[in-house]
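Hi everyone, thanks for coming.

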Amino acid sequence: MLRSVILAAAGSARMERFVANAPISKNIVHRFVAGDGTEDALRVSRELADDGLAVSLDHLGEDTLTAEQAEATRDEYLRLLGRLKESGLTPATEVSVKLSALGQKVDDRTAYDYARAICAAAAEAGTTVTLDMEDHTTTDSTLEILAELRKDYPTTGAVLQAYLRRTEGDCRELAASGSRVRLCKGAYAEPESVAFQSALDVDKSYVRCLNILMAGEGYPMLATHDPRLIAITEDRARWFDRDPSEFEIQMLYGVRPDEQARLAAAGYTVRVYVPYGDQWYGYLMRRLAERPANLAFLGRALASRK
Ligand SMILES: Cc1cc2nc3c(=O)[nH]c(=O)nc-3n(C[C@H](O)[C@H](O)[C@H](O)COP(=O)(O)OP(=O)(O)OC[C@H]3O[C@@H](n4cnc5c(N)ncnc54)[C@H](O)[C@@H]3O)c2cc1C
């Protein structure tokens, strides 16, 4: 219930203005977001790389409605990839891209063209791209664009969300050789017709999908902070005889950093998803929806606003 209310607020322009204008909001944002600019993203990538962690950088922004915005997003990724290469931060740092930020909801051909340009720049920089997955109305279009991109850039990563009823089938389709697939629980408010609603059903689906990916021929990227699912991942890696180089664990910047360090020290590849940019509102609200304790933190901060 609380989760649905927060996710509804994520789409509210009025709420966005209220939160964004609170002076204290920046402190909360910086727990989860590297900063506003390209150089902030590079600085945090370097710090994490020094700690033995891999990185996926996400330039914040979604639901782009104009061609200019989509072009600006593409250009920022091209600039970022150039700077990553110059700074020697590839291949340990890859990029995550939301097709909606490239105008998918307006024209999916443009989103494809821009994603392709980003994949080409990533290949040139010695790294790769993962296509983030958004709400269920975009799943088919995103998987179609992924299939096209993989013809020339086969390492382009997919994201599948365990809360969707369709995802076991998608895991079977994508568990092929060389296929990089990030499995997460899913972060959007979805109707019962397409998504499991209880945490237990989502967790059970996650484990079924994990089994399919671990048994398959691809490269699973298990994105979760859930201690039980991480323990099951470690167990299944042993069961399916997967070397730590044959899968990775992914977590979000600012969430369970001690666990990230523990897993890296144990020999796993741990990739930290690091968002940057000034369009942080939707991302922050999804993080708050995941953990009511984070919401209490925001509430206290807003109450003290001058
Ligand atoms: C690398 C990465 C990429 C992702 N990409 C996508 C994507 O493309 N599309 C998509 O829909 N979703 C994406 N997600 C989000 C994901 O779907 C979940 O919403 C999110 O990871 C929370 O689920 P969880 O598996 O951590 O389990 P939960 O049950 O939400 O959390 C388990 C435990 O982890 C800790 N925790 C979790 N979240 C937080 C938080 N925000 N702050 C503090 N502690 C927390 C708490 O201790 C909690 O009890 C991504 C997540 C990760 C880690």
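**A walk through the model**

Let's start with Thr73, which is buried, with a relative accessible area of 10%. Here buried means under 20% relative accessible area, exposed means over 50%, and partly exposed is in between, using a 1.4 Å probe and protein chains only.

Before going on, a word on what we are looking at. This is a predicted model, where local features need pLDDT of at least 70 and side-chain atom pairs count only at pLDDT 80 or more, while totals for chains, interfaces and linings use all residues. Residues are numbered from 1 along each chain as its sequence is written, and side-chain values use heavy atoms, with hydrogens and water left out.

Back to Thr73, which sits in helix H5, residues 67–86. Helices (H or I, at least four residues) and strands (E, at least two) are DSSP runs, numbered from the N terminus. Which residues does Thr73 touch, not counting residues up to four places away in sequence? They are His59, Ala101 and Leu102. Touching is a contact, meaning heavy atoms within 4.5 Å.

Let's follow one of those partners, Ala101. Ala101 is in the loop between E2 and helix H6 (108–124), and is buried, with a relative accessible area of 3%. Leaving out residues up to four places away in sequence, Ala101 touches Gly61, Glu62, Asp63, Thr64, Gln69, Ala70 and Thr73.

Now zoom out to the whole protein. How many helices and strands does the protein have? The secondary structure comes to 13 helices and eight strands. Of the 306 residues, 53% count as buried. Take the contacts with a separation of 6 or more: residues 24 or more positions apart account for 74% of them. The protein exposes about 13700 Å², and carbon and sulfur atoms supply 53% of that area. Such accessible areas come from the Shrake-Rupley method with a 1.4 Å probe; for residues, only the protein chains shown count as cover.

Helix H7 covers residues 139–152. At 1.5 Å a residue, its 14 residues should span 20 Å, and its end C-alpha atoms are 21 Å apart, which agrees. The expected span is 1.5 Å times one less than the number of residues. Buried residues in H7 include Leu143, Ile145, Leu146 and Leu149, and also Arg150. The buried residues of H7 pack against H6, strand E3 (129–131), strand E4 (158–161), H8 and E5.

Helix H9, residues 199–215, has 17 residues and reaches 24 Å from its first C-alpha to its last, close to the 24 Å expected. Among its buried residues are Val202, Asp203, Tyr206, Leu210 and Met214. The partners of the buried residues of H9 are helix H8 (167–174), strand E5 (180–184), strand E6 (219–223) and helix H10 (227–239).

How do H8 and H9 meet? Their axes come within 9 Å and cross at roughly 10 degrees. That makes H8 roughly parallel to H9. On the H8 side, the contact is made by Thr167, Glu168, Cys171 and Arg172; on the H9 side, by Arg208, Cys209, Ile212 and Leu213.

**Loops and backbone**

Gly178 is partly exposed, with a relative accessible area of 44%. Gly178 touches Pro154, Glu217 and Gly218, not counting residues up to four places away in sequence. Gly178 and Glu217 are 39 residues apart in sequence and 7.0 Å apart in space, C-alpha to C-alpha.

Last, some backbone angles. Most residues other than glycine have a negative phi, and most peptide bonds are trans. The peptide bond from Thr90 to Pro91, however, is cis, with omega near 5 degrees. Pro91 is in the loop between H5 and strand E2 (93–97).

Asp241 has a positive phi, near 55 degrees. Asp241 lies in the loop between H10 and strand E7 (248–252), and at 68% relative accessibility counts as exposed. Arg256 has a positive phi too, near 50 degrees. You will find Arg256 in the loop between E7 and helix H11 (257–265), partly exposed at a relative accessible area of 33%.

That's my tour, and I'm happy to take questions.

Conventions
Axes fitted to C-alpha atoms, helices over the stretch in contact; angles between N-to-C directions. Parallel < 35°, antiparallel > 145°, perpendicular 65-115°, else oblique.
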